[in-house]
Amino acid sequence: MKNLSKNIKNLQLSIMIVPFAIILSLCFFFFTFPDETNAFFTAINPFFRDKMSIVYLVVNLFVFVMSIYFAFSKYGKIRLGGKNEKPQFSFWEYGAMMFCAGVSGDIIYYSYTEWIYYVNEPFIQSFDNPNNLFVNSYNMAQAHSFFFWSNYWLYLVLAVCFGFMMHVRKKSKHRFSEALRPLFKDKIDGILGKVVDIFSVIAIISAVTCSLCFSPPIITNCLHRLFNVPDTNMTTILVLAIIFVIYSLSLYKGLKGIEKLSSICVTIFFIFLGYVLIFGGETRFILESSFQQLGVFVDNIVPLFTYIDPTRKLTFAQDYNVFYDAFWITWAITVPFFIGIISKGRTIKQTILEGYLFAVPGTLVSFFIIPNHAIGKQLSGAVDLLGQYQQTHKMYDVVGSAISSLPLAPIALFLISVSMIVFCSTSYDSLSYTCSHYSYKNLTSNQAPGKGVKQLWATLLILLPIAITYSNASYNNIKNIAVIAGFPGAILIVLVIVAAIKDFNLYLKENKIK
């Protein structure tokens, strides 16, 4: 009883109560007034999406530059832990956890859908030129996908900032506000710190909501094709419940459970990719197109960072560049904490470079294989995915058709369903684990959050996706949530990096390291 009372006293209740109240309020409005609530988010989005576009793009470029600087400057030698500390996890275990925490089942959804969205955009179609066979709408669509899904630098830079705070400075407060202490000193213990931490948790909820609204409907469509279950929102809510049970069980076992589930997830995912590559009937097209598209991506890397369209003649930059920067920024409020936790024993250079060596290629392989298989089938006339989408505007059904075009389609549908369920589970057990750390006033780097606190967050994080699924929110309305939450997140990310540089320099001076 004394231990229970002590644990409760160590909880930062404001960080738990305020987000809980916000979640319940939003759930109430999405269930009771679904059309009006969706209209509200649509109405306030243009200010951030249009007026503040440059903020998202500049912050993204700034963080990318800092990732290179941190890895190859004097800071890269700093070890996240004691001087002789050894890494907790092998390269494979570490990379698998980082990869799964960072991409979720979204990677499969977007691998199948992005090129379809993009090739219908006037901006992308402007690259079609019969005299230039190197760059066309398909290649440029893929180049944008490669760029949008390479943004791990937003995770990696913040991961070393948080890892340094937890494992070197041994801070017992594992929260976003604590990372700002080198800048704001004791002011962070007042209202400023509470506001920062409450917003951080809200941003986490936004990230979870976006992802858990995109992925499960594909699982539902696959199950419909396999077992003829109803392809409805209620079935999708049942899928969310299954994901909740799986990640709750994984979370109950702590980091070991997360590590095992991540390894299983990566294995299943790459088995599916191998199946598509080898048996999908488009092996040569996939390999050659990926090679050529990689060249288009590299050739356009700077414009991909900076394209904003000041004239606003087209809306591609605001619809996609801004959205993806905001999407990664909201996830960067939480995923880096988890990566920082598991990076104990690695240097700053190792953490950043291993992220680039494992997580980024793992993500790009998906965008090499899955879209190019679908594009190959589209160009050969075997399927007409573009035509199906233009007629029905049911993207989840289009994805189901693409998967069904594979040989032994039931196997493919089963593999993709299992893979997406496990992907979602591995992402949300790590997010729940991170939120649990946020909930404590003090927690050493060797302590784990209580199981009850972890389960509470596991439950809270599933509620809003269920409500939004019930409200039948559109793809654009779900994107609005990320864009709105990403704006203050962008400002906080810059402040954390500046604070970390100040603390890195102080540490190097204290230890007389040049």
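This is a predicted model: local features need pLDDT of at least 70, side-chain atom pairs count only at pLDDT 80 or more; totals for chains, interfaces and linings use all residues.
Student: How many helices and strands does the protein chain have?

Tutor: The protein chain has 25 helices and zero strands. Helices are DSSP runs of H or I with at least four residues, strands are runs of E with at least two, and both are numbered from the N terminus.

Student: Why is the protein chain called as compact as a globular protein of its length?

Tutor: The globule rule is 2.2 Å times the number of residues to the power 0.38, and the radius of gyration is taken over C-alpha atoms. For 514 residues the rule gives 24 Å, and the radius of gyration of the protein chain is 22 Å, close to that value, so the chain is as compact as a globular protein of that length. Along its principal axes, the C-alpha trace spans about 65 × 50 × 45 Å.

Student: What makes I375 a buried residue?

Tutor: Buried means under 20% relative accessible area, exposed means over 50%, and partly exposed lies in between, with a 1.4 Å probe and protein chains only. I375 has 2% relative accessibility and therefore counts as buried. This residue is found in helix α20, residues 348-380. Of the 514 residues of the protein chain, 60% count as buried.

Student: Which residues does I375 touch, leaving out those up to four places away in sequence?

Tutor: I375 touches W115, Y138, Q142 and F285 on that basis; contact means heavy atoms within 4.5 Å. Within the protein chain, residues 24 or more positions apart account for 84% of the contacts with a separation of 6 or more.

Student: Why is Y94 called buried, and where does Y94 lie?

Tutor: Y94 has a relative accessible area of 0%, so it is buried. It lies in helix α5, residues 91-103. Apart from neighbours within four places in sequence, the contacts of Y94 are F89, I339, I342, S343, R346, T351 and E354. The C-alpha atoms of Y94 and I339 are separated by 8.7 Å, although these residues are 245 residues apart along the chain.

Student: What makes helix α19 mostly covered?

Tutor: Eight of the eight residues of helix α19, residues 335-342, are buried. Among them are F337, F338 and I339.

Student: How do you know that S419 is buried, and which residues does S419 touch?

Tutor: The relative accessible area of S419 is 1%, and therefore S419 is buried. S419 belongs to helix α23, residues 409-438. Residues up to four places away in sequence not being counted, S419 touches I108, C265, I268 and F269.

Student: What is the phi of K170, and why is K170 called partly exposed?

Tutor: K170 has a positive phi of about 55 degrees although it is not a glycine. Most residues other than glycine have a negative phi. K170 has 48% relative accessibility and therefore counts as partly exposed. The position of K170 is the loop between α9 (153-168) and α10 (176-179).

Student: Why is L408 called exposed, and what is its phi?

Tutor: L408 has a relative accessible area of 59%, so it is exposed. Its phi is near 50 degrees, a positive value in a residue other than glycine. L408 is found in the loop between α22 (395-404) and α23.

Student: Where is V383, and which residues does V383 touch?

Tutor: V383 is in the loop between α20 and α21 (385-392). With residues up to four places away in sequence not counted, V383 touches K377, Q378 and S405.

Notes: Residues are numbered from 1 along each chain as its sequence is written. Side-chain values use heavy atoms; hydrogens and water are left out.
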